[in-house]
Structure formats: structure tokens, C-alpha cells
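Here is a friendly walk through one protein model, written for someone who likes to keep the structure open while reading.

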Amino acid sequence: MRILRTLREMGIASVAVHSDADADAPHVRQADFAYNIGPAPAAHSYLNAERILEVAQISEADAVHPGYGFLSENAEFASACVAKGLSFIGPSATTIELMGSKTNARARMQQAGVPIMPGGSATSIDDAKRSAQALGYPVLIKASAGGGGKGMRLVNDEAQLISAYERARSEAERAFGDGTVYLEKALLNPRHVEIQVLGDQRGHVVHLFERDCSIQRRHQKVIEETPCPSLPASLVEQMGQISVQAAQAIGYFSAGTFEFLVDEKDQFYFLEMNTRLQVEHPITEWITGIDLVREMINVARGESLRFDQTEIVRRGAAIECRIYAEDPRKNFLPSPGLIEQLTVPTGPGVRDDSGIVQGFRVTPYYDPLLSKLSVWAADRPAAIARMKRALSEYSISGLCTNLSFHRHVMDNAEFQQGRYGTGFIERNAKTLLAGDQLSPEEERQLATAVAVAYAQQQEQAGKAASATADGAPSQWSIADRQRTD
């Protein structure tokens with residue numbers, strides 16, 4: 001939906017692909033053309049590169065935008081697009097392959113002068129033990145081809161290493177078709193800060209400032225903001241310049257993101273590079289006014305960037321909350337189901353990038369992300385207040401969501417002070433997760449009870465109002481509406 005909107009503004013016809021499970025999805029309805037590419041399991045549809053390329057040829061498409069997941073960082077797919085005469089709206093297959101392997105990326109970044117986290121190989125369990133002893137516990141086992149927290153395990157001592165090693169390898173093999181893992185020294189409660197870069201095919205690269213992505217569960221981001229509330233501007237500029245230099249060193253073009261961990265001494269270390277558009281890109285668009293999807297399309301056309309670094313100005317502050325169909329009370333377990341009721345917030349400075357509508361069934365086949373709610377305001381306190389207002393207007397029933405969790409975060413003193421790290425959720429679990437979400441059945445029962453009580457009280461209030469000379473609302477009707485809300 002995000003990409004379709006920019007295509008429509010640019011006057012470019014769109015072709016959507018979908019699985020059986022997504023036949024009625026909003027993106028299928030909104031596209032100019034739509035093609036079914038297979039059964040619900042991703043391996044038979046969204047990961048079926050051959051079928052996608054077949055549709056591209058049938059529809060006489062000029063280009064492919066890979067989106068955020070599935071084949072978006074698959075070098076073979078990018079190469080296959082070019083071989084079929086299609087423009088791949090993203091970087092070259094060569095850079096995707098280079099940065100897609102975390103071990104290769106670390107080595108290349110070290111050559112480019114980028115600070116990297118100390119790490120070690122883990123070709124076998126014995127090799128992993130030797131690397132862990134050299135690094136010192138705690139360590140992270142990480143999938144070389146991974147992302148999104150998959151194939152990643154925190155290990156505090158050698159007793160945990162064997163089982164964590166096997167689980168990480170198995171999960172990486174299932175998720176990425178590659179069970180290769182490596183070890184990295186673990187920082188406890190660091191900041192997770194990333195730099196957005198954008199480059200053209202002539203070697204011109206700029207950065208679009210930073211995003212703080214420290215609030216995570218299971219190593220997956222749930223809230224992002226910009227500017228990062230605890231980093232000095234000089235450090236952000238240094239990270240930006242290093243990211244631009246690193247991108248130029250590998251001949252990178254299109255949108256990409258360098259991710260770093262920042263310790264308590266403001267020392268930063270390269271974590272990975274995402275060679276695609278990031279899920280959290282809306283907050284960068286808010287503060288810069290630059291449409292990243294449009295720029296990616298222009299770069300794929302061979303156009304030069306229309307601005308240099310000095311022309312990119314940051315204005316205000318922006319926050320994004322990822323709205324998931326999941327139950328925070330059950331370790332954020334996915335909660336598929338039918339969206340029975342949906343009310344989306346609007347108003348000044350509010351944006352909801354969504355792929356759902358009322359009556360849409362969220363299936364168990366894919367990531368349970370429903371939408372990305374983002375806000376902009378002149379400064380961070382105003383942005384937090386705006387997000388709280390927007391979350392109060394957001395309503396989804398029929399399945400569990402993390403909406404209440406986000407409301408608790410916005411009220412949290414540590415978050416408001418802006419001095420949190422990646423351990424934020426674990427450290428504040430008692431207040432963030434307790435009583436967070438009613439089950440769908442509890443929601444239905446409560447809604448019915450409230451509706452009956454409200455109708456009864458409305459009737460009483462109506463009688464009272466008719467007896468009031470000036471016809472002013474009764475004291476009860478105002479209070480009752482507040483309770484109902």
C-alpha cells in the first residue's frame with residue numbers, strides 16, 4: 001500500500017501479486033492489476049521468484065519493487081530481475097550479496113574504517129566455545145544471513161551455549177535457508193541506532209539522519225523515533241558521515257540503512273546493513289520531507305539525487321509504533337483472526353501506514369504487523385502527546401493487539417525521559433504488560449455490557465433532559481460517555 005500510493009502520485013501503473021490467503025487484501029484492490037502467485041505458504045507464493053518474474057513478463061512490467069521482506073534482500077532475485085530486462089528498485093545484486101552475509105559485511109566494514117563489534121566464528125560447537133571464551137560472556141549467536149531477530153540467541157555462560165547454538169542454527173536454516181551462524185560480543189542495554197542513507201548510481205550518497213530503534217521484543221523493533229533523544233548532535237553527524245563513506249566504499253545506491261549499537265560511553269559499533277527500504281522509514285520522511293519510495297524509483301531510473309547533504313534539513317520529532325496482531329501478555333505471541341471493528345486515528349501530524357481494513361482476516365502465515373502508526377510534532381514532548389492522542393483513537397476488535405502496550409510505553413517515565421536501551425521492555429515488563437490486553441471474547445462481552453448499560457442510562461438521561469428547562473446535557477451523560485470511551 002505504501003509503494004502503491006507513491007506510484008499513483010507519479011502516474012505509474014501498478015501490478016500487485018498476492019497469495020490465496022491475501023486475495024481480498026487492500027493492496028490487491030488498490031493496484032491497477034493483480035495476479036495470484038500461489039498458495040498461502042510463503043515458500044509457494046511470495047518466495048516463488050520464478051512465478052513473480054513470470055507475472056512481471058505477462059503484465060509487461062518495467063520494474064519490481066521488492067518491499068520490506070521476503071525477497072527484498074535476495075541477491076539472486078535482484079540478479080534475475082535484471083536478467084529478465086526488469087529494473088530492480090533497490091541496490092545492485094553485488095552489494096546485496098556482500099552485505100547480506102553478516103560475516104562478510106563485518107569484514108568489509110572494518111576495511112572501510114567502520115567500528116565493528118568484536119566477534120568470532122562458530123563453524124562448530126567447539127569453535128563457538130573457543131570464540132565465546134576469547135570474547136567473554138555474554139555473547140550473541142547470530143545468523144549470518146539473518147535479520148528481524150531470527151536465528152539470534154543471547155548466551156550468558158557456556159552451559160547455555162550448546163542448546164542455544166543448535167536452536168539458532170535450526171531457526172536460521174528454516175528462515176533463510178542458511179544455517180551459518182557467528183558470535184558477537186553482547187552489550188547489555190545499549191542503544192540501537194540506525195542511519196538512513198540514500199545514493200544514486202553516480203556515487204552521490206547522503207544520509208538522512210538517525211532513528212532510535214531500541215524498544216524491541218525478541219530482538220524485533222516495536223517503537224522507533226527520531227531524533228534519538230540521548231545522543232549528542234556531534235555523534236549523530238559522525239555516524240552519518242561514516243555511513244556515507246561506507247556506502248560509497250561498496251558502491252551502494254538506492255535506500256539503505258546502517259545499524260549500530262551505542263554503549264553507555266557513546267561508542268558505536270556496526271551491527272548490520274539493511275539493503276532495502278526499512279519498515280520504520282515514515283519517521284525519516286516526516287522529519288526530512290523526502291519521499292524515500294519516490295527517490296528509490298528515480299534512482300532505479302538512472303536519475304541523480306536532487307539534493308546534497310547541506311540541503312537536507314531535519315525538522316521536529318517523529319515517533320512510530322508498530323501495531324501488531326499479538327498478545328503481549330503471552331510473550332507477544334501472534335494473534336491471527338478476523339478484524340471485526342476498526343477505527344483508525346487521523347488529525348494533524350498523524351499517519352497510519354496500514355495493510356488492513358475492517359472485515360480483513362489476519363492469517364497465521366505471515367508477519368502479524370497490521371500497521372505503522374507514526375506522528376510528527378515540533379519537538380519530542382509534543383510528539384509523545386500526539387502519539388498518546390492517536391493511540392487513544394485507535395481501536396481494533398476481534399483479535400489481540402499491542403495497542404495497550406504502546407499506550408503504557410508512552411506513559412512510562414523512563415521512555416519520556418528518553419534514556420532507555422534495548423532492555424527497556426524486559427526491565428519494565430510488570431507495568432508495560434500487566435493487564436495489557438483483553439481477549440477477543442472478553443472484548444465482545446465488555447462491549448455488549450457497555451452498550452446495554454449505555455442504552456439504559458441514555459434513556460434515563462433523556463427523561464432528565466426533557467425536564468430541564470434549558471435542555472443542557474445532564475451531568476450523567478457526560479460522565480457516562482467518558483466511561484464508555
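The report below covers the ground rules, the sheets, a helix pair, the loops and the cysteines.

## Ground rules

This is a predicted model, in which local features need pLDDT of at least 70 and side-chain atom pairs count only at pLDDT 80 or more, while totals for chains, interfaces and linings use all residues. Residues are numbered from 1 along each chain as its sequence is written, and side-chain values use heavy atoms, with hydrogens and water left out.

Helices (H or I, at least four residues) and strands (E, at least two) are DSSP runs, numbered from the N terminus.

## The eight-strand sheet

Let's begin with an open sheet of eight strands, in the order S13-S12-S9-S10-S11-S14-S21-S19, with antiparallel pairing. Strand S13 (268-274) and S19 are the edges: each has a single partner strand, so one side of each has no neighbour in the sheet. Neighbouring strands are turned by 25 degrees against each other on average, direction ignored. Two strands count as paired if DSSP finds at least two bridges between them.

Val375 in S21 is the bridge partner of Val350.

Helix H10 (residues 281-288) lies across strand S9 (191-199), strand S10 (205-217), strand S11 (220-226), S14, S19 and S21, and runs at about 20 degrees to S21. Axes here are lines fitted to C-alpha atoms, for helices over the stretch in contact, and angles run from 0 to 180 degrees between N-to-C directions.

## The four-strand sheet

Another open sheet has four strands in the order S5-S8-S6-S7, with antiparallel pairing. Its edge strands are strand S5 (119-121) and strand S7 (152-155), each pairing on one side only. The twist averages 25 degrees from one strand to the next.

Strand S6 (residues 139-143) and strand S8 (residues 181-185) pair in the antiparallel sense over five bridges, and Lys142 has Tyr182 in S8 as its bridge partner. Helix H6 (residues 102-111) packs on this sheet, touching S5, S6 and S8, and its direction makes about 45 degrees with that of S8. Contact means heavy atoms within 4.5 Å.

## A pair of helices

Helix H4 (residues 75-83) and helix H5 (residues 93-100) have axes that come within 8 Å and cross at roughly 175 degrees. That makes H4 roughly antiparallel to H5; on this scale, angles under 35 degrees count as roughly parallel, over 145 as roughly antiparallel, 65 to 115 as roughly perpendicular and the rest as oblique. Ala75, Ala78 and Ser79 of H4 meet Ala93, Ile96 and Glu97 of H5 in this contact.

## Loops worth a look

The peptide bond from Tyr137 to Pro138 is cis, with omega near 0 degrees; Pro138 is in the loop between helix H7 (125-135) and S6. Thr226 and Pro227 are also joined by a cis peptide bond, with omega about 0 degrees, and Pro227 lies in the loop between S11 and helix H9 (233-249).

In the loop between S10 and S11 you will find Arg218 and His219. Phi is positive for Arg218, near 55 degrees, and for His219, near 65 degrees. Arg218 is partly exposed at 38% relative accessible area, and His219 is partly exposed at 36%.

Asn428 sits in the loop between helix H15 (424-427) and helix H16 (429-433) and is buried at 12% relative accessible area. Its side chain makes a polar contact with the side chain of Asn412 at 3.3 Å and reaches the backbone oxygen of Phe424 at 2.9 Å. A polar contact is a pair of N or O atoms within 3.5 Å; within protein, one must be able to donate a hydrogen and the other to accept it, and residues adjacent in sequence count only if both atoms are side-chain atoms.

## Cysteines

How many disulfides are there? The count comes to zero, with a disulfide taken as a pair of cysteine sulfur atoms within 2.5 Å. The sulfur of Cys213 is 9.3 Å from the closest cysteine sulfur, in Cys228, which is too far for a bond. Cys213 is buried at 0% relative accessible area, and Cys400 is buried at 5%.

Notes. Buried < 20%, exposed > 50% of the residue type's maximum accessible area, 1.4 Å probe, protein only.
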